[in-house]
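Please keep the structure in view while reading.

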There are 4 protein chains.
Amino acid sequence: MSHQKFQDCIDACVACAVACSHCATECLKEEDIKMMARCIQLDLECAVLCRSAAEVMSLGSEFSAHMCRICADACYACAEECEKHAERGMNHCRECAEACRRCAEACEEMATAA
Amino acid sequence: MSHQKFQDCIDACVACAVACSHCATECLKEEDIKMMARCIQLDLECAVLCRSAAEVMSLGSEFSAHMCRICADACYACAEECEKHAERGMNHCRECAEACRRCAEACEEMATAA
Amino acid sequence: MSHQKFQDCIDACVACAVACSHCATECLKEEDIKMMARCIQLDLECAVLCRSAAEVMSLGSEFSAHMCRICADACYACAEECEKHAERGMNHCRECAEACRRCAEACEEMATAA
Amino acid sequence: MSHQKFQDCIDACVACAVACSHCATECLKEEDIKMMARCIQLDLECAVLCRSAAEVMSLGSEFSAHMCRICADACYACAEECEKHAERGMNHCRECAEACRRCAEACEEMATAA
């Protein structure tokens with residue numbers, strides 16, 4: 001698969017990694033952090049996997065599809081958790097959930113196509 | 001400094017990291033790889049520093065300005081090397097040089113502002 | 001500087017990155033997370049910078065010394081915060097503080113020597 | 001699975017990432033770089049996946065086993081390529097191949113156990 005074909009998925013992954021790191025750091029400033037513990041944890045895991053997926057795709061790696069499969073799973077899990085807090089008005093969680101959904105879909109497509 | 005103020009610089013860093021990794025992998029496919037050795041080396045170093053700068057900025061870190069200072073230096077060095085090969089018609093080097101110049105300027109501004 | 005000369009500093013950086021990530025995830029399980037917020041934040045920032053320093057040194061990069069300078073600063077800040085919680089009996093913070101101190105010293109030496 | 005149980009695998013992953021990055025940069029200094037192109041490419045891919053596996057394990061992530069599965073595959077591929085050059089006397093390739101074999105085995109065990 002060409003670098004060009006990877007580009008949309010790479011963009012979704014890097015945007016998601018940034019959103020996850022930002023969400024984690026904003027969660028740490030919330031009044032009731034306890035409620036955000038699982039959100040922060042999933043943000044951190046998801047950010048690692050998104051960065052990795054983006055990096056192997058940038059290298060045109062043969063492992064990209066498998067990496068995207070894991071990344072999609074992490075994004076779905078993180079989106080689900082963030083959506084709970086988004087409903088209660090947390091903007092960083094809403095933005096993170098949206099970035100996770102977009103990334104999950106892009107990665108799922110990449111994982112299936114390859 | 002707010003996450004929002006970091007956003008343009010983060011975008012420039014992640015785009016540069018992707019361009020550098022892609023340039024490295026394309027250089028490895030060139031007929032005369034020997035001539036590309038320093039380009040590949042700088043691509044790899046620059047990619048690490050861009051990813052790092054983007055990540056600490058995403059976390060709103062107090063170390064962002066210092067990280068952007070190093071990142072700018074690496075981007076200038078990589079841009080200069082890539083421009084030599086861009087002149088001889090290598091597209092991945094031209095694209096990488098452009099991403100490096102944009103990132104260097106964004107990082108320089110961030111390093112000075114903070 | 002040779003890869004071999006970098007090896008001790010690389011080892012200290014990767015050990016510190018692992019300790020910081022582990023400390024962050026253990027802090028998230030604490031009863032009083034609120035008190036750990038700054039610790040988690042510094043763990044995350046420090047982990048990024050340690051990974052970066054280790055990676056550029058592994059590449060034998062000319063940017064290693066500057067990267068080690070920032071890494072040392074982050075390690076000192078993280079150690080100082082972790083030590084507060086270590087005094088109150090938190091083992092993950094004590095282990096993290098020790099790893100941070102070792103890494104800060106190794107990085108400081110590298111930054112000065114280069 | 002506990003952080004402690006992850007520790008040996010984490011150590012193997014970070015050692016392998018360092019060996020891969022170092023091997024790539026040493027390959028770039030070889031007289032006949034052309035012959036090393038696939039080795040460099042696999043070094044880079046393997047290093048990304050090893051760093052990722054180490055980072056998610058440090059976070060005690062539920063995605064660790066899946067990440068270790070991909071990491072093992074990349075390590076086997078990189079070891080196989082490096083061993084060809086190790087036979088012709090390249091020390092960085094021999095060291096990298098050994099680190100890859102150790103990491104592949106540790107990751108394989110982790111992937112199966114989880």
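Helix 2 of chain B and helix 4 of chain B cross with a left-handed sense. This is a predicted model.

**Helix 2 and helix 4 of chain B**
- The helices span residues 37–58 and residues 91–113 of chain B, respectively.
- Their axes come within 12 Å and cross at roughly 40°.
- Helix 2 of chain B brings B:Cys39, B:Asp43, B:Cys46, B:Cys50 and B:Met57 to the contact.
- Helix 4 of chain B meets them with B:Cys93, B:Cys96, B:Cys100, B:Cys103 and B:Met110.
- By class, this contact has nine nonpolar residues, no polar residues and one charged residue.

**Helix 2 and helix 4 of chain D**
- Helix 2 (residues 37–58) of chain D packs on helix 4 (residues 91–113) of chain D at an angle of about 40°.
- The axes of the two helices are 12 Å apart.
- That angle makes helix 2 of chain D oblique to helix 4 of chain D.
- The crossing of helix 2 of chain D and helix 4 of chain D is left-handed.
- On helix 2 of chain D, the contact is made by D:Cys39, D:Asp43, D:Cys46, D:Cys50 and D:Met57.
- On helix 4 of chain D, D:Cys93, D:Cys96, D:Cys100, D:Cys103 and D:Met110 take part.
- The class count for this contact in chain D is nine nonpolar, no polar and one charged.

**B:Glu55**
- B:Glu55 lies in helix 2 of chain B.
- Its relative accessibility is 16%, so B:Glu55 counts as buried; the cut-off is under 20%.
- Leaving aside neighbours within four places in sequence, B:Glu55 is in contact with A:Arg51 and C:Val48.
- The side chains of B:Glu55 and A:Arg51 are joined by a polar contact of 3.3 Å.

**A:Glu108**
- A:Glu108 sits in helix 4 (residues 91–113) of chain A.
- A:Glu108 counts as partly exposed because its relative accessibility is 27%.
- Beyond neighbours within four places in sequence, A:Glu108 is in contact with A:Arg69, A:Ala72 and A:Tyr76.
- The side chains of A:Glu108 and A:Tyr76 make a polar contact at 2.5 Å.
- From A:Glu108 to A:Gln41 there are 67 residues in sequence and 22 Å in space, C-alpha to C-alpha.

Definitions and conventions: Residues numbered from 1 in each chain as written. Chains lettered and ligands numbered in written order. Predicted model: local features only at pLDDT ≥ 70, side-chain atom pairs only at ≥ 80, totals over all residues. Heavy atoms only, no water. Helix = DSSP H or I, 4+ residues; strand = E, 2+ residues; numbered from the N terminus. Buried < 20%, exposed > 50% of the residue type's maximum accessible area, 1.4 Å probe, protein only. Contact = heavy atoms within 4.5 Å. Polar contact = N/O pair within 3.5 Å; in protein donor to acceptor, adjacent residues only side chain to side chain. Axes fitted to C-alpha atoms, helices over the stretch in contact; angles between N-to-C directions. Parallel < 35°, antiparallel > 145°, perpendicular 65-115°, else oblique. Left-handed = near helix turned anticlockwise from the far one by under 90°. Nonpolar A, V, L, I, M, F, W, Y, C, P; charged D, E, K, R; others polar.
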